[in-house]
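The stops below say what to select and what to look for.

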Amino acid sequence: MLEFARSEGQRGLRNLSYAERGKLVGAVADVLVANRARYEDIAIANSGNTKVDAAIDIDGGIGTLKYYARLGGARMLLDEKAVRLAKAENYQAIHLMVPRRGVAVHINAFNFPSWGLWEKAAVSLIAGVPVLAKPASATALLAHAMVKDVIAAKVLPDGALNLLCGGAGELLAALTGDDVIAFTGSADTAARVRGHPNVVARSVPVNIEADSINAALLAPESSPGSAAFDAFLREVVREMTVKAGQKCTAIRRIFVPAGKADAVADALAEKLKGTKIGDPRQADTRMGPLVTRGQQAAAFDGIRRLASEAAIVCGGTDAPTLDGIDKNRSAFVAPTLLKLKDAGSAQAVHEVEVFGPAATIVPYRDEQDAAGLIARGGGSLVASVYGEDTDFLVRIVSEIAPSHGRILAVDPAIATAHTGHGIVMPQCNHGGPGRAGAGEELGGLYGLRFYHQRLAVQGSSDLIASLQAKAASVH
Ligand code: NAP
């Protein structure tokens, strides 16, 4: 498959301009739109998604393809203007970005079989690098159905899009320094991928999107009933229950001024207890099961670890009793809210990612205390902060910025208009430092850099001008 992608896929894509490849990516989106209803059924059956969960995965993937299809027309190759290097005026240098000559190996997590596939494929295909995608085995059915449709529609050159279902086998041993790996999954697997002897020996570039203990913070002065307070409650509940909390970006730590922690706990528990859990095929179900019983067991194990330092406000470590559902043959976890007993000494809350509908309230004393506690997460994909006071929001964004890849700051002006803490927008950077993997994806044209080699060319001003003209001609 790698050989086919390197020969056929590279040939088919390399001879096209960015704009032409943008049209191909748009055509992929059209194929998926035409078959959308079938994908929804697969997401509900294979991932335990509700219709809303399935929409986030499927439409998130299609939306990202469409966004990058439009970006195909943008100017990309020339990194900057030529610069003079010596006294002689006609000796100059320029930086170019050229598409890599290998294959983009995309190893994806189980929780987004559609979005995870297409958010990477869109960027890679626009850049002109063929894709070999490996979905996680537990939910590979949706990725398989989608890729099969795209291949059957013949909208891409042969070899441009390849799918490997099942274990990775010896895939990493077969890569070369021309290839790249974009990995999404747990920190443990990420370490194995990054440390694979062949990946290390050949310096294969690796982008890691790993797990993350994301924070949401309520500003000190925000009071019940204010727009920011209500937006905060809504967002925490949504993040805990959408996709049953199986989102890398989901809120796991809820930072609240110490004096308001009980009021927030009561308000959240009331909303969480009212969430209808059950068969995701039923129209009134708001939250379905976790994806497998293995994930359910891992979530209960994580909640037990959190509960060694925190009180359980609602939910817990037993499967909920649900009408018509056999506890022994299903994988449900009730929305579980915890509250720290002693925020200063607690550790598990900053270290354990429960990949399910669980989050912990962390009471904080003041701004400095909150910023210090948030940083204990060791690097996160995203944080969201909610308040009325712009000065406070500016200060806290600056304080916590170094340990994040994205921050959503909600003031009353966007309390009901923002796109959500956990929704990754193709226009914005996706990735985070430290524990989150130190990766960077999307972010508009910036996302294309990973699939390009950047180089400086030094030469005469005539030669540099010719190179500039050639680079411009492929846009
Ligand atoms: P995982 O167990 O680490 O698996 C991720 C992928 O790696 C799967 O496709 C898996 O294949 C593959 N894999 C496993 N061992 C491998 C090896 N030795 N060589 C190459 N590939 C290998 O993660 P997961 O359980 O699917 O996903 C959940 C985790 O992903 C959570 O921790 C979540 O936070 C994180 N996540 C992060 C992001 C992000 O963007 N940062 C997004 C979504 C999820 P098999 O399934 O065949 O084992």
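Select helix α13, residues 367–375, together with helix α14, residues 390–400, in this predicted model. Their axes come within 10 Å and cross at roughly 35°. The crossing of α13 past α14 is right-handed. Now show side chains: on α13, pick E367, A371 and I374, which meet F392, R395, I396, E399 and I400 on α14. Sorted by class, this contact has five nonpolar and three charged residues, and no polar ones.

Next, move to helix α2, residues 18–34, and helix α4, residues 51–71. Here the axes are 8 Å apart, and the packing angle is about 155°. Angles over 145 degrees count as roughly antiparallel, so that is how α2 and α4 run relative to each other. The two helices, α2 and α4, cross in a left-handed sense. From α2, select G22, V25, G26, V28, A29, L32 and V33; their partners in α4 are I62, L65, K66 and A69. In the contact of α2 with α4, eight residues are nonpolar, two are polar and one is charged.

The last stop is a sheet. Select β1, β2 and β17, three strands that form an open sheet in that order, with antiparallel pairing. Which strands stand at the edges? They are β1 (83–84) and β17 (452–460); each has a single partner strand, so one side of each lacks a neighbour in the sheet. Strands of a sheet pair through backbone hydrogen bonds. Zoom in on β1 and β2 (residues 91–99), where the antiparallel pairing extends over two bridges. To finish, select R84 and find Q92 of β2 opposite R84.

Conventions. Residues are numbered from 1 along each chain as its sequence is written. This is a predicted model: local features need pLDDT of at least 70, side-chain atom pairs count only at pLDDT 80 or more; totals for chains, interfaces and linings use all residues. Side-chain values use heavy atoms; hydrogens and water are left out. Axes are lines fitted to C-alpha atoms, for helices over the stretch in contact, and angles run from 0 to 180 degrees between N-to-C directions. Helices (H or I, at least four residues) and strands (E, at least two) are DSSP runs, numbered from the N terminus. A crossing is left-handed if the near helix is turned anticlockwise from the far one by less than a right angle, and right-handed if clockwise. Contact means heavy atoms within 4.5 Å. Ala, Val, Leu, Ile, Met, Phe, Trp, Tyr, Cys and Pro count as nonpolar, Asp, Glu, Lys and Arg as charged, and the others, Gly among them, as polar. Angles under 35 degrees count as roughly parallel, over 145 as roughly antiparallel, 65 to 115 as roughly perpendicular and the rest as oblique. Two strands pair if DSSP finds at least two bridges between them.
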